[in-house]
Amino acid sequence: MDGIAGVRVVAIYRDPRAASYSALRRNFDDDLRRLAVVHAEHLTLLAAQLRCIGADRYRLINYERMCLDPQLELPPVADFCGLSMDELNRFFEHEKFDPASNEKWIERTTEAERKFLNRYFDERRVRQWELVASELKPLAKRMTA
């Protein structure tokens with residue numbers, strides 16, 4: 001990143017349980033456990049990459065919060081990227097933010113699958129993603145509920 005002046009990264013992360021189910025639903029794989037492992041690996045790589053580029057060059061965005069209230073979550077992104085909110089709104093004008101989509105994994109998985117996802121993405125595992133761990137703390141609490 002040092003060779004590319006001015007590069008800024010916006011990283012959007014999602015509850016890994018919801019992301020794992022979404023990938024299953026979209027037929028990325030037919031095994032929920034494999035998909036959970038892949039999502040854990042992705043969060044590990046994301047945390048490592050962000051650590052390497054430095055806090056001043058990235059912003060973390062929680063997908064669930066963005067879906068719930070894009071007008072609250074997006075202004076800091078616009079500011080960070082040097083965009084006006086009008087520009088960002090034009091970019092997202094056709095995007096349908098649906099907060100209910102984040103709960104599909106709860107509604108459409110079996111009890112055994114939900115238990116697996118909650119156990120796999122437990123508080124201990126979430127802690128390993130240092131940089132995103134503070135952002136995932138509320139998620140970790142929901143995971144054990």
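Contact here means heavy atoms within 4.5 Å. By that rule, Leu117 is in contact with Arg17, Ser20, Leu32, Ala36 and Trp105, leaving aside its neighbours within four places in sequence. The model is predicted. The chain has 145 residues, and 41% of them are buried. Nine helices and two strands make up its elements.

**Overall layout**

- From the N terminus on, the elements run β-α-α-β-α-α-α-α-α-α-α.
- Take the contacts between residues at least 6 apart in sequence: 68% of them join residues at least 24 apart.

**The two strands**

- β1 and β2 run parallel, and five bridges join them.
- Val10 stands opposite Arg59 in β2.
- β2 is mostly covered, with four of its five residues buried.
- In a regular strand, side chains alternate between the two faces of the sheet.

**The nonpolar cores**

- In soluble globular proteins, nonpolar side chains tend to be buried together.
- The largest nonpolar core holds 24 residues. Ala36, Leu50, Leu60, Leu117, Tyr120, Phe121 and Trp129 touch the most other members.
- Five elements each supply at least two residues of this core: β1 (9-13), α1 (16-25), α2 (32-53), β2 (58-62) and α7 (111-120).
- The largest share comes from α2, with nine residues.
- A second, separate core has seven residues, including Met66, Leu74, Leu88 and Phe92.
- Leu117 belongs to the largest core, and its contacts include Ala36, another member of that core.

**Helix α4**

- Helix α4 covers residues 70-81, twelve in number. From its first C-alpha to its last, α4 reaches 16 Å, close to the 16 Å expected at 1.5 Å a residue.
- Which residues of α4 are buried? They are Pro70, Glu73, Leu74, Val77, Ala78 and Phe80.
- An α-helix has 3.6 residues a turn, so residues three or four places apart point the same way.
- Leu72 and Asp79 are exposed on the other side of α4.
- What do the buried residues of α4 pack against? Their partners are β1, β2, α3 (63-68) and α5 (85-92).
- Leu74 is buried in α4 and is also one of the residues of the second core.
- Gly82 follows α4, and its phi is positive, near 70°.

**Asn89 in helix α5**

- Asn89 sits in helix α5.
- Is Asn89 buried or partly exposed? Asn89 counts as partly exposed, because its relative accessibility is 27% and buried would mean under 20%.
- Asn89 and Ala78 are eleven residues apart in sequence. In space they are 9.5 Å apart, C-alpha to C-alpha.

**Cysteines**

- A disulfide is a covalent bond between the sulfur atoms of two cysteines.
- How many disulfides does the count give, with sulfur atoms within 2.5 Å as the rule? The count comes to zero.
- Cys52 counts as exposed, because its relative accessibility is 69% and the cut-off for exposed is over 50%.
- Cys81 is partly exposed, with a relative accessible area of 35%.

Key
Residues numbered from 1 in each chain as written. Predicted model: local features only at pLDDT ≥ 70, side-chain atom pairs only at ≥ 80, totals over all residues. Heavy atoms only, no water. Core = buried A, V, L, I, M, F, W, Y, C linked by side-chain atoms within 4.5 Å. Buried < 20%, exposed > 50% of the residue type's maximum accessible area, 1.4 Å probe, protein only. Disulfide = S-S within 2.5 Å. Expected span 1.5 Å × (residues − 1). Pairing = 2+ DSSP bridges.
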